[in-house]
Amino acid sequence: MLNIWRLQLLVQFEVLGTMQQVADVMHVSKSTVSQQLNLLEQETGVTLFERIGRQVRLTVAGRELCRKVRPVLGQLELIGNSLGESDDKVIGTVHVASFSSAMSSFVLPALQKLSGKYPQLESKVSELEPNLSLPLLDSRQIDIAIVAYLGRGGNLQRFERAVTPIGSDRMQILVSRDNPLARHESVSIEDLADSVWAMEQADAYLPSYMTSLCKAAGFMPKTGGVFTSYSAMKKAVKLNMMICALPTLAIAADVDDSIITLPLVPGHTRRIFMVTRNSQKNMHTIDVVGKAIQAEARRKLGPEVIE
(Lines give C-alpha, C1' and ligand atoms only; values in the text may rest on other atoms or scores of the structure.)
Protein backbone atom coordinates (compact mmCIF):
# COMPACT_ATOMS: atom_id res chain seq x y z
CA MET A 1 0.00 0.00 0.00
CA LEU A 2 1.33 3.42 -0.92
CA ASN A 3 2.24 5.76 1.93
CA ILE A 4 -0.29 8.63 2.13
CA TRP A 5 2.18 11.16 3.53
CA ARG A 6 4.64 10.50 0.72
CA LEU A 7 1.86 10.97 -1.80
CA GLN A 8 1.05 14.31 -0.15
CA LEU A 9 4.69 15.33 -0.55
CA LEU A 10 4.55 14.37 -4.22
CA VAL A 11 1.43 16.48 -4.85
CA GLN A 12 2.97 19.39 -2.96
CA PHE A 13 6.03 19.14 -5.20
CA GLU A 14 3.84 19.33 -8.31
CA VAL A 15 2.29 22.55 -6.99
CA LEU A 16 5.34 24.22 -5.46
CA GLY A 17 8.09 23.04 -7.79
CA THR A 18 11.03 22.60 -5.41
CA MET A 19 11.99 20.29 -2.55
CA GLN A 20 12.80 23.29 -0.36
CA GLN A 21 9.36 24.83 -0.77
CA VAL A 22 7.73 21.50 0.03
CA ALA A 23 9.91 21.24 3.13
CA ASP A 24 8.90 24.74 4.25
CA VAL A 25 5.19 24.03 3.81
CA MET A 26 5.31 20.62 5.48
CA HIS A 27 7.61 21.83 8.29
CA VAL A 28 10.32 19.23 7.70
CA SER A 29 13.85 19.35 6.34
CA LYS A 30 14.65 19.31 2.64
CA SER A 31 16.60 16.08 3.11
CA THR A 32 13.52 14.45 4.67
CA VAL A 33 11.41 15.41 1.65
CA SER A 34 14.03 14.05 -0.74
CA GLN A 35 14.39 10.81 1.23
CA GLN A 36 10.64 10.23 1.42
CA LEU A 37 10.12 10.86 -2.27
CA ASN A 38 12.95 8.45 -3.08
CA LEU A 39 11.13 5.86 -0.99
CA LEU A 40 7.93 6.60 -2.90
CA GLU A 41 9.75 5.84 -6.16
CA GLN A 42 10.82 2.49 -4.65
CA GLU A 43 7.24 1.78 -3.52
CA THR A 44 5.79 2.47 -6.96
CA GLY A 45 8.65 0.97 -8.95
CA VAL A 46 8.33 3.97 -11.31
CA THR A 47 10.71 6.85 -12.03
CA LEU A 48 8.83 9.88 -10.75
CA PHE A 49 11.54 12.54 -11.06
CA GLU A 50 14.15 13.62 -13.58
CA ARG A 51 17.00 16.05 -13.21
CA ILE A 52 17.42 18.81 -15.82
CA GLY A 53 20.65 20.63 -15.05
CA ARG A 54 20.31 21.68 -11.42
CA GLN A 55 16.52 21.40 -11.44
CA VAL A 56 14.41 18.41 -10.49
CA ARG A 57 11.02 17.96 -12.14
CA LEU A 58 8.29 15.36 -12.40
CA THR A 59 8.37 12.80 -15.17
CA VAL A 60 5.27 12.02 -17.21
CA ALA A 61 4.67 9.10 -14.85
CA GLY A 62 5.05 11.42 -11.86
CA ARG A 63 2.48 13.85 -13.20
CA GLU A 64 0.10 11.00 -13.99
CA LEU A 65 0.40 9.67 -10.43
CA CYS A 66 -0.38 13.16 -9.10
CA ARG A 67 -3.47 13.32 -11.31
CA LYS A 68 -4.75 10.02 -9.92
CA VAL A 69 -3.85 10.72 -6.30
CA ARG A 70 -5.12 14.29 -5.98
CA PRO A 71 -8.86 13.37 -5.85
CA VAL A 72 -8.08 10.70 -3.23
CA LEU A 73 -6.26 13.21 -1.03
CA GLY A 74 -9.15 15.60 -1.54
CA GLN A 75 -11.59 12.97 -0.29
CA LEU A 76 -9.43 12.38 2.78
CA GLU A 77 -9.42 16.13 3.46
CA LEU A 78 -13.20 16.22 3.02
CA ILE A 79 -13.66 13.35 5.48
CA GLY A 80 -11.33 14.99 8.00
CA ASN A 81 -13.10 18.32 7.70
CA SER A 82 -16.55 16.77 8.08
CA LEU A 83 -15.64 15.24 11.45
CA GLY A 84 -15.53 18.67 13.07
CA GLU A 85 -18.38 20.21 11.11
CA SER A 86 -21.72 21.24 12.55
CA ASP A 87 -24.86 21.93 10.52
CA ASP A 88 -25.96 24.83 12.67
CA LYS A 89 -22.69 26.35 13.91
CA VAL A 90 -19.94 28.33 12.18
CA ILE A 91 -16.77 27.46 14.06
CA GLY A 92 -13.13 27.53 13.08
CA THR A 93 -10.57 29.53 11.13
CA VAL A 94 -10.82 30.48 7.47
CA HIS A 95 -7.79 31.93 5.69
CA VAL A 96 -8.59 34.16 2.70
CA ALA A 97 -6.04 35.51 0.23
CA SER A 98 -7.00 38.28 -2.18
CA PHE A 99 -5.55 40.86 -4.53
CA SER A 100 -5.36 44.37 -3.10
CA SER A 101 -8.43 46.18 -4.44
CA ALA A 102 -10.80 43.29 -3.72
CA MET A 103 -9.36 42.93 -0.23
CA SER A 104 -10.22 46.51 0.71
CA SER A 105 -13.45 46.76 -1.32
CA PHE A 106 -15.37 43.64 -0.36
CA VAL A 107 -13.31 40.91 1.35
CA LEU A 108 -12.58 42.79 4.58
CA PRO A 109 -16.11 44.30 4.80
CA ALA A 110 -17.62 40.82 4.36
CA LEU A 111 -15.42 39.31 7.06
CA GLN A 112 -16.14 42.20 9.42
CA LYS A 113 -19.89 41.57 9.11
CA LEU A 114 -19.40 37.86 9.74
CA SER A 115 -17.34 38.49 12.88
CA GLY A 116 -20.34 40.12 14.55
CA LYS A 117 -22.70 37.37 13.48
CA TYR A 118 -20.46 34.37 14.21
CA PRO A 119 -18.25 35.02 17.24
CA GLN A 120 -16.64 31.55 16.99
CA LEU A 121 -15.46 32.21 13.43
CA GLU A 122 -11.88 33.41 13.10
CA SER A 123 -10.67 34.85 9.81
CA LYS A 124 -7.14 35.39 8.56
CA VAL A 125 -6.28 37.38 5.44
CA SER A 126 -3.29 37.75 3.12
CA GLU A 127 -2.96 40.35 0.39
CA LEU A 128 -1.51 38.43 -2.56
CA GLU A 129 -1.49 38.43 -6.35
CA PRO A 130 -3.08 35.34 -8.02
CA ASN A 131 0.31 33.86 -8.96
CA LEU A 132 1.06 33.60 -5.23
CA SER A 133 -2.36 32.86 -3.73
CA LEU A 134 -3.27 29.91 -5.96
CA PRO A 135 -0.20 27.80 -5.08
CA LEU A 136 -0.99 28.44 -1.41
CA LEU A 137 -4.54 27.25 -2.00
CA ASP A 138 -3.40 24.15 -3.87
CA SER A 139 -0.90 23.33 -1.13
CA ARG A 140 -3.63 23.71 1.54
CA GLN A 141 -2.10 26.75 3.24
CA ILE A 142 -5.14 28.95 2.61
CA ASP A 143 -8.84 28.18 2.18
CA ILE A 144 -10.16 30.78 -0.26
CA ALA A 145 -8.36 32.71 -3.00
CA ILE A 146 -9.89 35.80 -4.62
CA VAL A 147 -8.21 36.27 -8.00
CA ALA A 148 -8.68 38.41 -11.10
CA TYR A 149 -7.58 38.20 -14.71
CA LEU A 150 -7.67 40.45 -17.75
CA GLY A 151 -8.23 38.99 -21.20
CA ARG A 152 -8.12 35.21 -21.32
CA GLY A 153 -6.77 35.04 -17.78
CA GLY A 154 -5.13 32.12 -16.07
CA ASN A 155 -5.76 28.39 -16.10
CA LEU A 156 -8.06 28.08 -13.10
CA GLN A 157 -9.57 24.69 -13.95
CA ARG A 158 -6.84 22.50 -12.52
CA PHE A 159 -5.71 20.81 -9.29
CA GLU A 160 -9.25 19.90 -8.18
CA ARG A 161 -10.28 23.54 -7.76
CA ALA A 162 -13.82 24.84 -7.37
CA VAL A 163 -14.08 28.13 -9.31
CA THR A 164 -16.92 30.64 -8.83
CA PRO A 165 -17.17 33.84 -10.93
CA ILE A 166 -18.10 36.70 -8.59
CA GLY A 167 -17.81 39.84 -10.68
CA SER A 168 -16.04 41.99 -13.20
CA ASP A 169 -14.85 45.54 -13.73
CA ARG A 170 -13.23 47.47 -16.57
CA MET A 171 -9.92 49.14 -17.20
CA GLN A 172 -9.76 52.91 -16.80
CA ILE A 173 -7.03 55.42 -17.63
CA LEU A 174 -6.24 58.01 -14.95
CA VAL A 175 -4.80 61.37 -16.01
CA SER A 176 -4.31 64.73 -14.33
CA ARG A 177 -6.88 67.43 -14.98
CA ASP A 178 -3.96 69.42 -16.44
CA ASN A 179 -3.14 66.67 -18.95
CA PRO A 180 -4.33 67.37 -22.53
CA LEU A 181 -5.96 63.92 -22.51
CA ALA A 182 -8.37 65.19 -19.85
CA ARG A 183 -10.41 66.85 -22.61
CA HIS A 184 -11.27 63.42 -24.05
CA GLU A 185 -14.37 61.47 -23.07
CA SER A 186 -12.50 58.19 -23.59
CA VAL A 187 -9.11 57.08 -24.91
CA SER A 188 -7.74 54.26 -27.02
CA ILE A 189 -4.38 52.64 -26.33
CA GLU A 190 -3.01 54.44 -29.43
CA ASP A 191 -3.84 57.81 -27.82
CA LEU A 192 -1.35 56.99 -25.05
CA ALA A 193 1.76 56.38 -27.18
CA ASP A 194 3.52 59.57 -26.01
CA SER A 195 2.46 59.34 -22.35
CA VAL A 196 4.68 58.50 -19.40
CA TRP A 197 3.25 55.66 -17.31
CA ALA A 198 3.11 54.81 -13.63
CA MET A 199 3.33 51.03 -13.40
CA GLU A 200 3.05 48.36 -10.75
CA GLN A 201 5.98 46.04 -10.17
CA ALA A 202 6.63 43.58 -12.97
CA ASP A 203 5.44 40.51 -11.02
CA ALA A 204 1.86 41.87 -10.99
CA TYR A 205 -0.41 40.86 -13.87
CA LEU A 206 -1.54 44.40 -14.82
CA PRO A 207 1.83 45.77 -16.11
CA SER A 208 2.37 42.82 -18.42
CA TYR A 209 -1.17 43.13 -19.77
CA MET A 210 -0.89 46.85 -20.45
CA THR A 211 2.55 46.42 -22.00
CA SER A 212 1.15 43.76 -24.34
CA LEU A 213 -1.64 46.17 -25.41
CA CYS A 214 0.91 48.90 -26.13
CA LYS A 215 3.14 46.52 -28.10
CA ALA A 216 0.16 45.39 -30.16
CA ALA A 217 -0.51 49.07 -30.93
CA GLY A 218 3.08 49.48 -32.16
CA PHE A 219 4.89 51.10 -29.24
CA MET A 220 6.45 50.33 -25.88
CA PRO A 221 5.10 52.28 -22.89
CA LYS A 222 7.43 54.88 -21.41
CA THR A 223 7.64 53.93 -17.74
CA GLY A 224 8.22 56.91 -15.48
CA GLY A 225 7.92 55.02 -12.20
CA VAL A 226 7.39 51.57 -10.71
CA PHE A 227 5.21 51.45 -7.60
CA THR A 228 4.02 48.97 -4.99
CA SER A 229 0.87 50.90 -4.04
CA TYR A 230 -2.04 52.37 -5.95
CA SER A 231 -1.98 55.50 -3.78
CA ALA A 232 1.55 56.35 -4.92
CA MET A 233 0.55 55.77 -8.56
CA LYS A 234 -2.42 58.09 -8.15
CA LYS A 235 -0.19 60.73 -6.56
CA ALA A 236 2.09 60.65 -9.61
CA VAL A 237 -0.99 61.13 -11.79
CA LYS A 238 -2.33 63.94 -9.62
CA LEU A 239 0.96 65.84 -10.00
CA ASN A 240 0.71 65.40 -13.80
CA MET A 241 3.96 63.46 -13.85
CA MET A 242 2.46 60.27 -15.31
CA ILE A 243 -0.72 58.49 -16.34
CA CYS A 244 -1.79 55.05 -15.11
CA ALA A 245 -4.24 52.28 -15.93
CA LEU A 246 -6.35 50.76 -13.16
CA PRO A 247 -9.48 48.61 -12.98
CA THR A 248 -12.58 50.34 -11.65
CA LEU A 249 -12.40 48.52 -8.31
CA ALA A 250 -8.91 49.94 -7.66
CA ILE A 251 -10.04 53.55 -8.15
CA ALA A 252 -11.01 54.32 -4.58
CA ALA A 253 -12.40 57.36 -2.82
CA ASP A 254 -8.98 59.06 -2.61
CA VAL A 255 -9.31 60.07 -6.29
CA ASP A 256 -10.53 63.70 -6.22
CA ASP A 257 -11.44 66.13 -8.99
CA SER A 258 -7.76 66.75 -9.79
CA ILE A 259 -7.73 63.30 -11.47
CA ILE A 260 -9.82 62.47 -14.53
CA THR A 261 -10.90 58.89 -15.12
CA LEU A 262 -11.24 57.94 -18.78
CA PRO A 263 -12.73 54.69 -20.12
CA LEU A 264 -10.28 52.70 -22.25
CA VAL A 265 -11.86 51.80 -25.59
CA PRO A 266 -12.46 49.26 -26.79
CA GLY A 267 -13.31 47.98 -23.32
CA HIS A 268 -11.06 45.59 -21.42
CA THR A 269 -12.82 43.57 -18.73
CA ARG A 270 -11.19 42.16 -15.62
CA ARG A 271 -12.91 39.01 -14.38
CA ILE A 272 -12.94 38.23 -10.67
CA PHE A 273 -13.22 34.71 -9.24
CA MET A 274 -13.42 32.97 -5.89
CA VAL A 275 -11.40 29.75 -5.85
CA THR A 276 -11.55 26.97 -3.25
CA ARG A 277 -10.67 23.29 -3.27
CA ASN A 278 -13.30 20.74 -4.31
CA SER A 279 -12.68 18.94 -1.04
CA GLN A 280 -14.03 21.99 0.84
CA LYS A 281 -17.24 22.49 -1.12
CA ASN A 282 -19.48 20.87 1.52
CA MET A 283 -17.84 22.58 4.50
CA HIS A 284 -20.41 24.76 6.23
CA THR A 285 -17.88 27.33 7.49
CA ILE A 286 -16.21 27.76 4.08
CA ASP A 287 -19.63 28.04 2.45
CA VAL A 288 -20.76 30.77 4.86
CA VAL A 289 -17.60 32.82 4.30
CA GLY A 290 -17.71 32.32 0.53
CA LYS A 291 -21.34 33.41 0.24
CA ALA A 292 -20.66 36.49 2.36
CA ILE A 293 -17.77 37.51 0.10
CA GLN A 294 -19.90 36.94 -3.00
CA ALA A 295 -22.75 39.04 -1.60
CA GLU A 296 -20.42 41.91 -0.69
CA ALA A 297 -18.80 41.73 -4.14
CA ARG A 298 -22.22 42.07 -5.78
CA ARG A 299 -23.02 45.10 -3.64
CA LYS A 300 -19.72 46.70 -4.63
CA LEU A 301 -19.66 45.79 -8.32
CA GLY A 302 -23.36 46.23 -8.98
CA PRO A 303 -24.56 45.48 -12.51
CA GLU A 304 -21.08 44.47 -13.70
CA VAL A 305 -21.28 41.12 -11.94
CA ILE A 306 -20.68 38.40 -14.55
CA GLU A 307 -22.66 35.24 -15.04
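Mentor: Start with contacts that lie beyond the local sequence. This is a predicted model. With neighbours within four places in sequence left aside, R277 is in contact with E77, L137, R140, I142, D143, E160 and A162.

Trainee: Where is R277 placed, and is R277 buried or exposed?

Mentor: R277 belongs to strand 11, residues 269-277. Its relative accessible area is 4%, and because the cut-off for buried is under 20%, R277 counts as buried.

Trainee: What does the side chain of R277 reach?

Mentor: The R277 side chain reaches the backbone oxygen of I142, at 2.8 Å.

Trainee: How do I read a pair of packed helices?

Mentor: Two values describe such a pair: the angle between the axes and the distance between them. Here helix 5 (residues 100-117) packs with helix 9 (residues 284-301) at an angle of about 130 degrees, and the axes are 8 Å apart. Helix 5 is therefore oblique to helix 9. The crossing of these two helices is right-handed.

Trainee: Which residues make the contact?

Mentor: Helix 5 contributes S105, F106, V107, P109, A110, L111, K113 and L114, while helix 9 contributes V288, V289, A292, I293, E296, A297, R299 and K300. By class, the residues of this contact are eleven nonpolar, one polar and four charged.

Trainee: Take V107 of helix 5. What does V107 touch?

Mentor: Not counting residues up to four places away in sequence, V107 touches V96, S98, A102, I146 and I293. V107 has 0% relative accessibility, so V107 counts as buried.

Note on methods:
Residues numbered from 1 in each chain as written. Predicted model: local features only at pLDDT ≥ 70, side-chain atom pairs only at ≥ 80, totals over all residues. Heavy atoms only, no water. Helix = DSSP H or I, 4+ residues; strand = E, 2+ residues; numbered from the N terminus. Buried < 20%, exposed > 50% of the residue type's maximum accessible area, 1.4 Å probe, protein only. Polar contact = N/O pair within 3.5 Å; in protein donor to acceptor, adjacent residues only side chain to side chain. Contact = heavy atoms within 4.5 Å. Axes fitted to C-alpha atoms, helices over the stretch in contact; angles between N-to-C directions. Parallel < 35°, antiparallel > 145°, perpendicular 65-115°, else oblique. Left-handed = near helix turned anticlockwise from the far one by under 90°. Nonpolar A, V, L, I, M, F, W, Y, C, P; charged D, E, K, R; others polar.
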